[in-house]
Amino acid sequence: MSPRSIGVVMNGVTGRMGYRQHLVRSVLAINEQGGVALSDGERVLLRPVLVGRSAAKLGRLAADHGIADWTTDLDAALADDDNLIYFDAQVTQARVKAVLKAIEAGKHIYAEKPTAETVEDALALAEAAAAKGVKNGVVQDKLFLPGLLKLKRLIDGGFFGRILSVRGEFGYWVFEGDWQAAQRPSWNYRAEDGGGIVLDMFPHWAYVLENLFGRVTSVYAQAVTHIPERVDEQGETYTATADDAAYGVFELEGGIIAQINSSWSVRVNRDELVEFQVDGTHGSAVAGLRNCRFQHRAATPKPVWNPDLPVTARFRDDWQEVPDNSEFDNGFKIQWEMFVRHVLEDAPFPHDFASGARGVRLAELGLRSSAEGRRLAVEP
């Protein structure tokens, strides 16, 4: 049976994330493996239709990858009935208007997070998609990281006993752009352009906490701008108006306390760029992007505080690695395949716009908590 193809309008793939993870490592990778496998054995190829503002960038990208269809006219791409899915990886500020257009055109929508800058807009997208009857999904890639999949294996197996706390560390030093080029675009550091680490990362923490440990019931956050001036892509100095670090405490249903530090102004002294330590009555684990280490209570050492003597114990040596036990594919690609199956055969896909709106809500409450200096409840 030869595979059929469906058109996928991809808006924002000239950006770093849209290009690397979604176009190259997901859509094109899916086609290279023969398409998305459906439950009846049929395979479906994805025909990307690239959309953006720069004809020159789109033309070069399309030529580099042998892609036939590209345009700067979003309306024309949405008018084509062969294009079933609209994907949005634009800057957050541009997302709502384009997604609403795609919903009105009857396309099924898959979007990067955050789905909007405000809860009001995020909920409006969810309501519009439901009213139109189109399927919708938001990228929640961290759930498919090998390290977190191994962590979930421990949770599902009852390893921790009663989970007490979660401590997360995320971030790295993003250069200011003067003597070394910045690794992130300058709009990330301008609030007026939708930047800020709270809006970027709190939606991630919302779905990670919700799916692994439980619903967030309250948040206390301190958002700060550690680096007040940066240099943009044109070499011009600009004022950083958005937060580049956030220190959050989240209470979860069941009494679990999560503390997560997020920073683009921190130098890495850990094994991976993000790590979560989970402590429970029966054991603990530390999960990163790919690896997960654990320590059972029976193998827990008994340290004694004595600052007058040198520490001879190597505490890391007392931890074991969770084995792979399976092959781990690219998390973005896995979620693309799930969404295509959701569109074509109504396979489950829980990561919808309502879930995305909960992430935006946590970010909004985090910023408000920081501004008001108090803990805020997160309503169900």
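The dialogue below walks through salt bridges and a surface patch in a predicted model.

Trainee: How many salt bridges does this structure have, and what counts as one?

Mentor: The general idea is that a side-chain nitrogen of Lys or Arg must lie within 4 Å of a carboxyl oxygen of Asp or Glu. By this rule the count in the predicted model comes to 22 salt bridges.

Trainee: Which residue does Arg4 meet in a salt bridge, and where do the two partners sit?

Mentor: The side chain of Arg4 meets that of Glu42, with 2.8 Å from N to O. Arg4 belongs to strand E1 (residues 4-11), while Glu42 is found in the loop between strand E2 (36-37) and strand E3 (43-51), and the pair, 38 residues apart, links distant parts of the chain.

Trainee: What does the salt bridge between Lys135 and Asp346 tie together?

Mentor: The closest N and O atoms of Lys135 and Asp346 are 3.7 Å apart. Lys135 lies in the loop between helix H5 (119-132) and strand E7 (136-138), and Asp346 lies in the loop between helix H8 (331-345) and helix H9 (353-372), so this pair ties together parts that are 211 residues apart in sequence.

Trainee: Which residue forms a salt bridge with Asp329, and how is each partner classed?

Mentor: The partner of Asp329 is Lys333, and their closest N and O atoms are 2.5 Å apart. Asp329 is partly exposed, because its relative accessibility is 37%, but Lys333 has a value of 5% and so counts as buried. Salt bridges can also share partners, and in this way Lys113, Arg184 and Asp200 are joined into one network.

Trainee: Which residues make the nonpolar surface patch, and where is Ile257 placed?

Mentor: To belong to a patch, a residue needs over 30% relative accessible area and no salt bridge. In this structure, Tyr220, Val249 and Ile257 make a nonpolar surface patch of about 210 Å². Ile257 has its place in strand E13 (residues 257-263), and it counts as partly exposed because its relative accessibility is 32%.

Notes: Residues are numbered from 1 along each chain as its sequence is written. This is a predicted model: local features need pLDDT of at least 70, side-chain atom pairs count only at pLDDT 80 or more; totals for chains, interfaces and linings use all residues. Side-chain values use heavy atoms; hydrogens and water are left out. Patches are made of residues with over 30% relative accessible area and no salt bridge: like charges are joined within 9 Å, nonpolar side chains (Val, Leu, Ile, Met, Phe, Trp, Tyr) within 5 Å. Accessible areas come from the Shrake-Rupley method with a 1.4 Å probe; for residues, only the protein chains shown count as cover. Helices (H or I, at least four residues) and strands (E, at least two) are DSSP runs, numbered from the N terminus. Buried means under 20% relative accessible area, exposed over 50%, partly exposed in between (1.4 Å probe, protein chains only).
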